[in-house]
Amino acid sequence: MPANLTPDYHNAEEKLRQAQTDEERVAALEEMLRVIPKHKGTSHMQADLKTRLSKLRKEAGRKKAPGRKSGHYVEPEGIGQVFLLGPPNSGKSTLLDLFSKAAPKIGDYPFTTRSFQPGMMRHQNVWIQLVDLPPVSREFMETWVPSVARYGDLALLVLDLSSDDVLDQAQEVLDLLKESKVALAGEGEEFGQMDSGLAVLRTLLVGMKAGAPGAADRLAMVREILPNYRVYTLDSQDPATHEGFSGAVYAMLDKVRVYAKQPGKPADKDEPFVLDLGATVIELAEKIHRDLAQRFQFARIWGEGKIDGRKVNRDYVLEEEDVVELHVG
Ligand SMILES: Nc1nc2c(ncn2[C@@H]2O[C@H](COP(=O)(O)OP(=O)(O)O)[C@@H](O)[C@H]2O)c(=O)[nH]1
Ligand SMILES: [Mg+2]
C-alpha cells in the first residue's frame, strides 16, 4: 500500500467495505477511482479498480436489469437461483414449503401465489435459493414472471402428475414462456442469454403428486412429448421421494465444491468454496484473496481416488470435494 493515499480515498474504501448491494459497491469503487492520487505509484491500483468496476457493473447490469423494467427483482442468494415454473396447483408452493423455511401459502384453489417467494434450501453444506412464482397459464399470468425467471440459474418445470391435463399444461407453460422469450432447455441443449434476446434456461422437470393413481402413466406421456428433460418425481406425502431432491437440483447447477486448508491444519469441511464447474486452482486462489493468486506457487490436492497431497499447478481443474492447500511465495 503506498502511504500517500488520501483520507478521501480511505473514506471511499470504507464505503466499499460497508456496501450491501452491487449498486453501492459500484458507487464506492467509482469514488475510489475518482479520488485516488493519479501517479505512477498507484497505476496498478487504478488498473485493478477499473477491472473490479467493470466486472461488477456487468454483474449488476445482468441482475438489476429485470428489476428496473418490471419492478420485480429477486436478490440472488446462496450458490444458485432456481425458479419454480408451472401451471396453477401443480405443487410449486408445496415444493418450497418442503425444502425451505419460507412457509408459502398452499391452496386447493389455483392462484394462491400472486407474488414471488424466495426460500433457501440446504444441500449438504451449501444453500440454494428456490423462488416460488405465480402460475404460468393462459387464463392468468403475471406478466413479470418470465422477465424475472429469465435471469435464474435453473428452472424447475413443476408439473402435476395427478392431473389428466398435465400434457396440455406443460405445453401451455412452454408456449407462454416462449412468447416472452424464455425457453426451457432440455439435456444437452445450449443454454444462456442468446443474441436474439431469447433466454434459454437449464431445466429440471419435477413431476409432483407422483403417488397419485395413474401418475406413472402420465409421466410416461410427459416424457414422450418432452423427451429431453431430466426428470425428478416427488410426492409431498412420501418422504422417501424427498431425499434426492436437493442433490438433483445441485447437480444441475454445474458447480464444484472444494475445501481450502493451510499446511499442517485440517480443512474446514463446513465451509466449502463453490466455483463453476471447470474452475482451476488459480481461480480458487483468486476467490479466496487476490493476493493469494498473485503470490501463487503451487498447490497440493487431496481427494477421492487421488494420491494424497499431489502437487499441482495453477491450471489444475478442481474436482468435487477436493481439499486444496495453496502454497505462496
Ligand atoms: N398428494 C399430494 N398433494 C400435493 C402434492 N403437491 C401439492 N399437492 C397439493 O396440491 C395443491 C396445490 O399445491 P400448491 O403447492 O399450492 O400448488 P401451486 O399452485 O403450484 O403453488 C395443494 O392442495 C397441495 O396440498 C404432492 O406431491 N402430493
Ligand atoms: Mg402456489
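Two residues count as being in contact here when their C-beta atoms, placed from the backbone, lie within 7 Å. With that in hand, let us look at the fold as a whole. Among contacts in the protein between residues at least 6 apart in sequence, 61% link residues that are at least 24 apart. Keep in mind as we go that this is a predicted model.

How confident is the predictor? The average pLDDT of the protein is 90, and 94% of the residues score at least 70. Residues 65-69 are a stretch to treat with care: their pLDDT is below 50, and beyond near neighbours in sequence the stretch has eight contacts in the model. Where pLDDT is low, the predicted coordinates should not be read in detail.

The protein has 329 residues, of which 32% count as buried, and its secondary structure comprises 10 helices and 13 strands. Along the principal axes, the C-alpha atoms fill a box of roughly 70 × 50 × 35 Å. The domain assignment divides the chain into domain 1 (7-69), domain 2 (81-252) and domain 3 (255-328). Between the C-alpha centres of domain 1 and domain 3 there are 28 Å.

Take Val206 as an example: leaving aside residues up to four places away in sequence, Val206 touches Leu95, Leu156, Leu157, Val158, Leu159, Tyr232 and Leu234. In soluble globular proteins, nonpolar side chains tend to be buried together.

Next, follow the chain to helix α4, residues 92-99. Why is α4 largely enclosed by the rest of the structure? The reason is that six of its eight residues are buried; these are Lys92, Ser93, Thr94, Leu95, Leu96 and Phe99. The cover over them includes the strands β1 (81-85), β2 (117-123), β3 (126-132), β4 (154-160) and β7 (199-208), together with helix α8 (245-252).

Helix α4 also leads us to the ligand. It supplies three residues to the shell around ligand 1, the largest share. Which of the 19 residues around ligand 1 come nearest? They are Gly91, Lys92, Ser93, Thr94 and Ser236. Among these, Lys92, Ser93 and Thr94 are also on the list of buried residues in α4.

Conventions: Residues numbered from 1 in each chain as written. Chains lettered and ligands numbered in written order. Predicted model: local features only at pLDDT ≥ 70, side-chain atom pairs only at ≥ 80, totals over all residues. Near = placed C-beta within 6 Å. Helix = DSSP H or I, 4+ residues; strand = E, 2+ residues; numbered from the N terminus. pLDDT = per-residue confidence, 0-100. Buried ≥ 20, exposed ≤ 12 C-beta atoms within 10 Å, placed from the backbone. Domains from an automatic or database assignment.
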